[in-house]
Amino acid sequence: MKQDEQPISTRQIAEALAVVNRHAKAAPDPRQLYTLKQKTIQKLFEQKKAKKIGLHYSNHPKYSQQHSTLLIQVDDYYFHVPPKRDDFKQYKHLGALDESYRNPKPQLNLRKAKQTLYSYLGWKPQNRGNRYSAYQQAATTSLLGRGRRNPASRSYFDR
């Protein structure tokens, strides 16, 4: 950490986690965001800055089977993570998810949230050459073609 930087507060981490979690739910490829969330929560547990509350039934059954998620608290924010086997023995099941509760709305954009979490974890941000995801690049490439067509190959419409 540089000398002029202040340590990141638990509140800032919780807000950044909320932003990353919200964006991950709508992302075409959320793996990177969920990994960032998972690693951050893991470190928060190690530092005793997060606590496990109990189990909830998930609103999204897996393979048509009901399953549970572990509710955790970081500052004033609540998140769900996949439970470990021991969590079922140690924590009470709270039943169905309370749909009326919402986390406080953070005033943070995704880029700043990722910066905060990368800094907290001590990671270096991935420097991508452009700002478009691999999903968008693949879609664009397939729509535009991969360059000039081989004259010997004919499409269905050329027949």
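A: Arg11 counts as partly exposed because its relative accessibility is 30%. Here buried means under 20% relative accessible area, exposed means over 50%, and partly exposed lies in between, with a 1.4 Å probe and protein chains only. This is a predicted model, in which local features need pLDDT of at least 70 and side-chain atom pairs count only at pLDDT 80 or more, while totals for chains, interfaces and linings use all residues. Residues are numbered from 1 along each chain as its sequence is written, and side-chain values use heavy atoms, with hydrogens and water left out.

The side chain of Arg11 meets that of Glu15 in a salt bridge, with 3.4 Å from N to O. A salt bridge is a side-chain nitrogen of Lys or Arg within 4 Å of a carboxyl oxygen of Asp or Glu. Side chains of opposite charge can pair when their charged atoms come close. Both Arg11 and Glu15 lie in helix H1, 4 residues apart, which is about one turn of the helix. Helices (H or I, at least four residues) and strands (E, at least two) are DSSP runs, numbered from the N terminus. Glu15 counts as partly exposed because its relative accessibility is 21%.

Arg11 also meets the side chain of Asp75 in a salt bridge, this time with 3.0 Å from N to O. Arg11 is in helix H1 and Asp75 is in the loop between S2 and S3, so the pair ties together parts that are 64 residues apart in sequence. Asp75 is partly exposed, with a relative accessible area of 30%. Its phi is near 60 degrees, a positive value in a residue other than glycine. Most residues other than glycine have a negative phi. A positive phi near 60 degrees is also found in Lys48, likewise a residue other than glycine. Lys48 sits in the loop between H2 and S1 and counts as exposed, because its relative accessibility is 74%.

The model has 5 salt bridges by this rule. Another of them joins the side chains of Arg31 and Asp29, with 2.8 Å from N to O. Arg31 counts as exposed because it has 59% relative accessibility, and Asp29 is partly exposed because its relative accessible area is 43%. Elsewhere, salt bridges that share partners join Arg11, Glu15, Asp75 and Asp76 into one network.

The sheet comes next. It is an open sheet of 3 strands in the order S1-S2-S3, with antiparallel pairing. Two strands pair if DSSP finds at least two bridges between them. Strand S1 (51-57) and strand S3 (77-81) are the edge strands, each pairing on one side only. From one strand to the next the twist averages 30 degrees. S1 and strand S2 (residues 68-74) pair in the antiparallel sense over 6 bridges, and Leu55 has Leu70 in S2 as its bridge partner.

Helix H1 (residues 10-26) packs on the sheet and touches S2 and S3, and its direction makes about 50 degrees with that of S3. Helix H2 (residues 31-46) also packs on the sheet, touching S1, S2 and S3, and its direction makes about 115 degrees with that of S3. Axes are lines fitted to C-alpha atoms, for helices over the stretch in contact, and angles run from 0 to 180 degrees between N-to-C directions.

Leu44 is found in helix H2 and counts as buried, because its relative accessibility is 0%. Leaving aside neighbours within four places in sequence, Leu44 is in contact with Ile13, Leu17, Lys49, Ala50, Val74 and Tyr120. Contact means heavy atoms within 4.5 Å. The C-alpha atoms of Leu44 and Thr10 are separated by 8.7 Å, although these residues are 34 residues apart along the chain.

Thr116 lies in helix H4 (residues 110-121). Thr116 counts as buried because its relative accessibility is 17%. Not counting residues up to four places away in sequence, Thr116 touches Ile8, Gln12 and Ala16.

Now the whole chain. The protein has 5 helices and 3 strands, and from the N terminus on its elements run α-α-β-β-β-α-α-α. Buried residues make up 25% of its 159 residues. Of the contacts with a separation of 6 or more, 62% are between residues 24 or more positions apart.
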